[in-house]
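Subject: Structure handover

Hello,

Here is the structure to look through.

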Amino acid sequence: MPDLALDLRYLKYAIIVAEHGSFRRAADILNLSQSTVSRRILLLENRLGTPLFERNRTGTRPTLVGQRFLREAAVGAEHLRRAVNEMALAQRGDVGELRIGLMASLASGFLADLLDTYHRRFPNVDVKVEEATSQANAAGVLNGRLDAAFIPGMPRLPGCEAKLLWDEQIFVAVPDQHRLAAHPDVDWEDLREETFLVSADGAGPEVEGILVRQLSGLGFHPKILVQRVGRENLMNLVGKAFGLTLAANSTVGVSYPGVTFVPVRCGSECVSSSVVWSAANVNAPLKQLLELSVSLARQRQQAFVRVAKSTANRRGEDSESLGRPRA
């Protein structure tokens, strides 16, 4: 058996010599000297224990053994070349699998733009999305089921890193015929006596937490009904006047029958979201996603600052005093 550790470049040189019938032409193609190509092919022949070429004044041609060997070796070399290319693509994050946990709607907003841009830039990465509560997504990152999760707030998980990316304004979803449907905006006090619907999974626990923080008072607790349905049917229940619910900017991008979205007045609580991932995760597509997330957040911040400065100039205000989105 020949030494399997022989330099695969020597095999490449022999294949090119066989294709062109000349050491000189092969040397020109390889941008090497003819003597270098000749020595390396001679070394390959010594390793194999048999001559691959007949050399004479009229040219070079493979021996019968050489023809068979180079024909089979060329197939193997092509498979190896593809394997090396696939490995390089995987190391760069151009191919592979990315498992993401989320609870926000993908109808519009930062997360929708991020995943759209990522998919267009890395079409050969298989993206698998799991919608669940913050707790379930955090657990998925901790146990390795998820590469990354987009979670409200700034979670602190052992062995993990997190980055705040974006803020979303809160809207209240009301039936079209509701007394608040025609209002340009509402305050929390306007919602105090309403019945609210929240889902048992997904964003439900976070929505319930916001309602309790904003509406609870001494001896008072908001009326909250937990529904074991998804986002679409929760909105359908609102449209049929079973109650109200809260939504973020991303959800407002979808139209639901009989539902109107009314912004909760400026200065009220907003929803800040982060991406969280395990510091030990070496999945290359994850690295690409994180870099793209930070880049998109920075672009949005810069765009916001430009708009804020333009608005301040028109109003004669100091743009530095205006609030800014997460970056």
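**Aromatic rings and a cavity**

Trp-166 counts as buried, because its relative accessibility is 6% and the cut-off for buried is under 20%. Please keep in mind that this is a predicted model.

Phe-150 is buried as well, with a relative accessible area of 3%. Phe-150 and Trp-166 form a tilted aromatic pair, with 6.2 Å from centre to centre and 50° between the planes. This pair links distant parts of the chain: Phe-150 is in strand β5 (residues 148-152) and Trp-166 in strand β6, 16 residues apart. Ring pairs also bring in Phe-110, giving a cluster of Phe-110, Phe-150 and Trp-166.

The count of aromatic pairs comes to six. One of them is the tilted pair of Tyr-118 and Phe-122, at 5.0 Å centre to centre and 40° between the planes. Tyr-118 is buried at 1% relative accessibility, and Phe-122 is buried at 8%.

A charge over a ring was found too: Arg-192 lies over the face of Phe-220, 4.4 Å from the ring centre.

Helix α5 (110-121) and strand β6 (160-168) each supply at least two lining residues, and α5 gives the most, with three. By class, the lining has five nonpolar, four polar and one charged residues.

Regards

Terms used:
Residues are numbered from 1 along each chain as its sequence is written. This is a predicted model: local features need pLDDT of at least 70, side-chain atom pairs count only at pLDDT 80 or more; totals for chains, interfaces and linings use all residues. Side-chain values use heavy atoms; hydrogens and water are left out. Helices (H or I, at least four residues) and strands (E, at least two) are DSSP runs, numbered from the N terminus. Ala, Val, Leu, Ile, Met, Phe, Trp, Tyr, Cys and Pro count as nonpolar, Asp, Glu, Lys and Arg as charged, and the others, Gly among them, as polar. Rings of Phe, Tyr and Trp (its six-membered ring) pair if their centres lie within 6.5 Å; planes under 30 degrees apart count as stacked, over 60 as edge-to-face and the rest as tilted. Buried means under 20% relative accessible area, exposed over 50%, partly exposed in between (1.4 Å probe, protein chains only). A charge sits over a ring if NZ of Lys or CZ of Arg is within 6 Å of the ring centre and within 35 degrees of the ring normal.
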